[in-house]
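Let's walk through this fold from the inside out.

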Amino acid sequence: MLLIEYPKCSTCQRAKKFLNSHQLSFECRDIVSMPPTKNEIKQFLAWGVPIEKLFNTSGILYRQLLLKDKLPKLTEEEKISLLSSNGMLVKRPLLIVGKRVLVGFKEQEWKEIVKENKK
């Protein structure tokens, strides 16, 4: 498992605590110093994650860049470039397990991953 997170983010901290409390082993990666690459984002899309779901719509940078209005006009390739250019534009945390990506921390979804990985 790979947890792509922003260490100062309270949601990411809750997600990490959740994984630790279920004794799951995982690697952490700082989303700011190592944002998802273009290839990783393309892989997430291939695994069924809608590109819009990857944007951190509540983030300050998202609002500063006025992306709410700009995104509909951008191509998929432009959106991928944007996401890979700055980790603060990416919704976090991202949990990569096999060929599955969980975007954000929704405890019920994460509990399903725990069940699958305890087998």
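A nonpolar core here is a set of buried Ala, Val, Leu, Ile, Met, Phe, Trp, Tyr and Cys residues joined through side-chain atoms within 4.5 Å, where buried means under 20% relative accessible area with a 1.4 Å probe, protein chains only. This is a predicted model, so local features need pLDDT of at least 70 and side-chain atom pairs count only at pLDDT 80 or more, while totals for chains, interfaces and linings use all residues. Residues are numbered from 1 along each chain as its sequence is written, and side-chain values use heavy atoms, with hydrogens and water left out.

Start with the largest nonpolar core, which has 20 residues; Phe44, Leu54, Phe55, Leu83, Leu94 and Val101 have the most contacts inside it. At least two residues each come from helices H2 (38-46) and H5 (76-85) and strands E3 (94-97) and E4 (100-103); these are DSSP runs numbered from the N terminus, helices (H or I) of at least four residues and strands (E) of at least two. H2 gives the most, with 3 residues. There's also a second, separate core of 13 residues, including Phe18 and Ile113.

Now look at the two helices. H2 and H5 pack at about 125°, axes 9 Å apart (lines fitted to C-alpha atoms over the stretch in contact, with angles from 0 to 180 degrees between N-to-C directions). That makes H2 oblique to H5, since under 35 degrees counts as roughly parallel, over 145 as roughly antiparallel, 65 to 115 as roughly perpendicular and the rest as oblique.

As for the strands, E3 and E4 run antiparallel, joined by 4 bridges (pairing takes at least two DSSP bridges). Leu94 has Val103 in E4 as its bridge partner.

Notes
Buried means under 20% relative accessible area, exposed over 50%, partly exposed in between (1.4 Å probe, protein chains only).
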